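Hello,

Here is the structure I promised to pass on to you. Please have a look at it first, and then read on for my notes.

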Amino acid sequence: MISKKHIPLAATMAVFLLLYAGASIAFDGFFSWGVFSNLLNDNAFLGLAAIGMTFVILSGGIDLSVGSMIGFTSILIATLIRKNGVHPLLAIAAALAIGSALGASMGCLIAWFKLPPFLATLAGMFFARGLGLIISMESIPIEHGFIRSLGDFGLRVFPVTTIIFLAAIVAAVYIAHFTRFGRGVYAVGGNEDSATLMGLSTSGIKIGVYTLSGFCSALAGAVYTLYTSSGNATAGTTLELDAIAAAVIGGTLLSGGVGTIFGTVIGVLILGTIQTMVTFEGSLSSWWTRIAIGGLLLLFIFLQRFIQRKAQGGKSSRQ
Amino acid sequence: MIKRIRTSKLLWPVLALVALLILNGLFTPGFFHIEMKSGRFYGHIIDILNQAAPVALLALGMTLVIATGGVDLSVGAIMAISGAVMALLMSKPGVGMAAAIALTLALCVAAGAWNGLLVASFEIQPIVATLILMVAGRGVAQLLTQGQILTFHNPAFAFIGGGSFAGLPFVVTLVAVWLAITAALTRLTAMGMFIESAGDNATSSRYAGINVRQVKMFVYAFSGLCAGMAGVVIASGVMAADSNNAGLYYELDAILAVIVGGTAMSGGRFSLTGSIVGALIIQTLTTSIRAQNVPVEFALVVKAVAALAVFLLQSDAFNNMFRRGKAGA
């Protein structure tokens, strides 16, 4: 019925549905449009960062800079609007351009100089966080007619931030599964040497992947700024961990080549549901969220391990 | 002799440290000034030695982990757990200091061994395996302290993080002794060779009869122990356990220290002294930026650029670009 390839995704879906059903039974008022709409909106920026992260992980890399990038772009946008009187759209466009450029630079270091992705993006993480804090240590509230009208517009069905998130999901699914670039990402992550031998430009694909992740996290920063109506240089601290966790729970293998954007989105929703449940419970403290996420990570990693071993027909998977 | 110095792995890290110190001497008035007050030295240099200690301890454990081709992201979280457990035990009457420290460190070894179990027996990638404890560990520490900052008072315990020995902060002696013990463990026994061999090629090591699993278990448990010690030092220095912030980002500093010190991320040969020098370089950078009256935030940017420069210098691709022109290279 379900092909072996889809078992992790099915497991992720099952966990999400079970969690959501359990929470709906346990808490009055959990099963409502408002709660679901908030679930999407509260996790829009995490979701955007996680989508970019998924592309990177699919290509066999990792991007530790996404959390810092959110803080940097958030404070950049707020400062441009508040102190320099730039129109919000222009400020966001500038942030997206700078975010993509930073991502592309990390991609170049990884593709051309063969730096381990872990190290290159670690440096990027310090760099972006430092830049953000240099712009301003204090959070900057923003007040602008355009942003207010965006907010009014959003009251109809979904807030603007949710719409951006949903649009990004559609775009990301299209890029991952229906474009040459997307297939290249899977190929490079599956086996870089064969991808090269097939004539794919592995450097180009890698640079593209980190540029995309930079763009996504800059967009996440913009969404965060709209969501909180303020810029904050410390926003997104340790968010890269949640983004990686969402991808792994969503069935993406950290060794690259296997995973889906859809799975990551469900992973983000699982993390969000746990957070909402902890809030609904009231007596549970916030640290239970972290412990629960750690436990889920462990569960899914074991599941992936188990499936991989079975796929190898009981042969020793040690290399 | 000159060739030995030129090809030494320690050459670049030590040169970088010396260059940093000279720059500081030129631009920071009184940088090398050391004063003796009531049997204890004070000055920028002493501060650097003192503040580099936790990262230096972490770096020793991290060096061995990286040498096996792995990485340990959970050390910061283990530090938070260590501080929390220590604070809980110290606030209980009737628990002796030695027993409290022993119990805390034993717990941290267990936490490290858990990482080792995931990596060695279940063959989970090190980044993922240690990510679990990195995420959940801080939650556990917060659970232990109920999200509060636990303070306690114990002059004897304060000595570890704040006391002085032979005129220097006690932690300097602690790091030196721990470096000696780690070096003895790895260089006087075959362990160091096993670790390098496992990092170079795990398959051939196994064929050669090395129990790669046990080697990996050992390095992760050892890294847990080092993280526990760093956590105890921090808790003792501030007489409190802050589960939210203790050890935050320390794993990154420790990894940087190891790489800057000349151990390759891909595993294989390692240099313990190099990692200590790396920890000193990172702390000197931070201290010197603070001394320049520029905002502390610049430290992050400078650290990032400096780290990138070192990574590039060590990368083959970068070196080949400049060697290409030379004959025979």
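Predicted model: local features only at pLDDT ≥ 70, side-chain atom pairs only at ≥ 80, totals over all residues.

**Chain A overall**

Chain A is built from 14 helices and two strands. Its radius of gyration is 20 Å, close to the 20 Å that the globule rule gives for 319 residues, so chain A is as compact as a globular protein of that length. Along the principal axes, its C-alpha trace spans about 60 × 50 × 35 Å. Of the 319 residues in the chain, 51% count as buried. If you take the contacts in chain A between residues at least 6 apart in sequence, 79% of them join residues at least 24 apart.

**A helix to look at**

Helix α6 of chain A covers residues 117–135, which is 19 residues. From its first C-alpha to its last it reaches 27 Å, close to the 27 Å expected at 1.5 Å a residue. Of those 19 residues, 17 are buried, so α6(A) is largely enclosed by the rest of the structure.

**The nonpolar core**

The largest nonpolar core has 202 residues. Which of them touch the most other members? They are A:L48, A:A49, A:L297, B:L57, B:L58 and B:A59. Helix α11 of chain B (residues 212–238) gives this core its largest share, 16 residues.

Beyond its neighbours within four places in sequence, A:A49 is in contact with A:V66, A:I70, A:C216, A:S217, A:A220, A:L239 and A:A243.

**One residue in more detail**

A:V185 sits in helix α9 (residues 180–190) of chain A. A:T73, by comparison, is 112 residues from A:V185 in sequence and 26 Å from it in space, C-alpha to C-alpha.

**Where the chains meet**

The contact takes 36 residues from chain A and 37 from chain B. On the chain B side, α6 (126–145), α10 (202–207), α12 (250–260), α14 (297–314) and α15 (316–323) each supply at least two residues. The largest share, 12 residues, comes from α6(B). By class, this side of chain B has 26 nonpolar, six polar and five charged residues.

Enjoy exploring it!

Best wishes

Conventions: Residues numbered from 1 in each chain as written. Chains lettered and ligands numbered in written order. Helix = DSSP H or I, 4+ residues; strand = E, 2+ residues; numbered from the N terminus. Core = buried A, V, L, I, M, F, W, Y, C linked by C-beta atoms within 7 Å. Buried ≥ 20, exposed ≤ 12 C-beta atoms within 10 Å, placed from the backbone. Contact = placed C-beta atoms within 7 Å. Expected span 1.5 Å × (residues − 1). Nonpolar A, V, L, I, M, F, W, Y, C, P; charged D, E, K, R; others polar. Rg over C-alpha atoms; globule rule 2.2 N^0.38 Å.
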